[in-house]
Amino acid sequence: MNSPFFSDTYAEAREKFRSAVKASDHAATAHVHPDAKGPDGADLAMDVVWFGPADAKGVLLNLSGTHGTEGFAGSAAQLAWIEARGFDALPEGIAVLMVHGVNPYGFAHFSRTTEDNVDLNRNWIDFTKPAPDNPHYADYHDILTPKTINPEVEARILRELGTLAEQRGQWELEDAMSRGQYVRPDGLGFGGQKPTWSRESLTSIIKDNLARAAKVAFIDWHTGTPGIGEIIYLCYSEPGSESYANAARLWDEDNIRPTKVESQWGSKRPGREGVMFHGIQNLVADLGGVAAGGVIEIGTREHTDTRGAARASLYDRYLRFETQRFAPENEEFLKAVRECYYRPDDEEWKEAALTKSMDIYERTLQGLKDWVESTQ
Ligand SMILES: [Zn+2]
């Protein structure tokens with residue numbers, strides 16, 4: 001049987017989310033994008049709902065769709081939690097603030113980036129200061145931004161990247177592509193030149209809702225990592241820091257230990273600028289609270305598929321800048337992007353993703369309760 005929690009489009013996912021919220025006697029607030037639309041011309045919005053006591057000292061802030069098209073799994077997890085009436089089993093004094101479709105443009109257009117081609121998880125820098133440098137990106141930009149894509153072009157790109165990787169190491173390429181760059185709006189890993197609509201909206205959602213929370217657990221659902229149906233906990237806090245210790249309360253230290261995460265990731269993790277978790281941590285601190293957690297990845301690729309994510313990023317950018325995204329001749333490219341982050345025909349994967357995410361909700365909420373009750 002096909003899982004009823006997963007959708008084929010953003011519009012379907014949004015409709016299911018809103019209906020489930022309504023049926024559960026809660027009210028969702030829509031932050032509608034002022035001008036961007038879906039491919040069908042429909043509105044794009046962040047839908048926000050609060051479950052639990054208004055004065056909760058501990059709040060789980062839970063997001064889906066930060067990386068647009070990665071949102072299918074996160075949306076399904078949110079929907080499954082609502083339909084299972086997870087809110088009836090909340091530990092005492094704990095609430096959930098759920099945000100569906102943080103980057104609705106990317107979600108609707110099957111892209112990882114926003115309407116401005118911004119990687120939302122690189123957009124949280126301080127734009128009043130000079131943007132962080134990514135010195136190697138310029139060496140790769142021309143190779144990674146072909147005007148057309150066909151097997152010959154792909155072979156040439158691989159050859160050129162292979163030569164550079166031999167000279168400089170594979171890690172430099174991965175780092176240059178994904179640490180974030182702030183100079184080429186039409187490139188890969190673009191972090192933006194100002195706060196995006198998504199960042200601005202999420203900032204006001206946090207200010208409006210989390211002023212009374214002392215402790216905020218943060219789960220941002222993502223996909224695209226190696227290991228089909230496997231979970232990777234991406235905690236951005238330094239081991240030994242208080243923030244790391246707090247994440248360990250929520251997720252267990254065994255899960256967040258860097259050696260484990262790097263072995264799951266398949267290589268040393270690249271650098272990261274402008275990460276959303278740090279932005280949210282700062283916002284919560286300004287409100288007088290403490291936030292802990294990070295990204296939780298649900299694997300969608302074979303371990304052996306080492307180039308899958310890079311290829312999907314290349315296609316995603318090509319579809320945005322060089323052609324008509326939804327033109328029939330681009331169907332294969334669009335499918336490759338979509339299926340790097342979502343397995344629409346794999347019921348076993350869906351089952352694993354849901355079982356694990358329900359378990360993570362439960363453990364995080366219990367960990368949050370213990371954290372609230374602790375003296376630290
Ligand atoms: Zn992601």
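User: How do you know that the length of helix α14 agrees with its number of residues?

Analyst: Helix α14 covers residues 347–373, and at 1.5 Å a residue its 27 residues should span 39 Å. The expected span is 1.5 Å times one less than the number of residues. The end C-alpha atoms are 39 Å apart, which agrees. Helices are DSSP runs of H or I with at least four residues, strands are runs of E with at least two, and both are numbered from the N terminus. The model is a predicted one, in which local features need pLDDT of at least 70 and side-chain atom pairs count only at pLDDT 80 or more, while totals for chains, interfaces and linings use all residues. Residues are numbered from 1 along each chain as its sequence is written.

User: Which residues of α14 are called buried, and what covers them?

Analyst: A residue is buried if 20 or more other C-beta atoms, placed from the backbone, lie within 10 Å of its own; it is exposed at 12 or fewer and partly exposed in between. In α14 the buried residues include Trp349, Leu354, Ile360, Tyr361, Leu368 and Trp371. Lys350, Ser357 and Thr364 are also among them. Their cover includes β3, α2 (71–83), β4, β5, α8 (242–251) and β7.

User: What makes the sheet open, and which strands stand at its edges?

Analyst: Two strands pair if DSSP finds at least two bridges between them. The open sheet has 7 strands in the order β1-β2-β4-β3-β5-β7-β6, with mixed pairing. β1 (29–37) and β6 (231–235) are at the edges with a single partner strand each, so one side of each has no neighbour in the sheet. From one strand to the next, the twist averages 15 degrees.

User: Why is β7 called largely enclosed, and how is β4 covered?

Analyst: In β7 (residues 290–298), 8 of the 9 residues are buried, so the rest of the structure largely encloses this strand. For β4, 7 of its 7 residues are buried. One face carries Ile94, Val96, Met98 and His100, the other Ala95, Leu97 and Val99, and both faces are covered. In a regular strand the side chains alternate between the two faces of the sheet.

User: Which residues touch the most other members of the largest nonpolar core?

Analyst: A nonpolar core is a set of buried Ala, Val, Leu, Ile, Met, Phe, Trp, Tyr and Cys residues joined through C-beta atoms within 7 Å. The largest has 96 residues, and Val59, Ala76, Val216 and Phe218 touch the most other members. Contact requires C-beta atoms, placed from the backbone, within 7 Å. Leaving aside residues up to four places away in sequence, Phe218 touches Leu61, Phe277, Ile280, Ala291, Ala292, Gly293 and Gly294.

User: Why is the protein called as compact as a globular one of its length?

Analyst: The protein has 14 helices and 7 strands. Its radius of gyration is 20 Å, close to the 21 Å from the globule rule for 376 residues, so it is as compact as a globular protein of that length. The radius is taken over C-alpha atoms, and the rule is 2.2 Å times the number of residues to the power 0.38.

Conventions: Contact = placed C-beta atoms within 7 Å. Axes fitted to C-alpha atoms, helices over the stretch in contact; angles between N-to-C directions.
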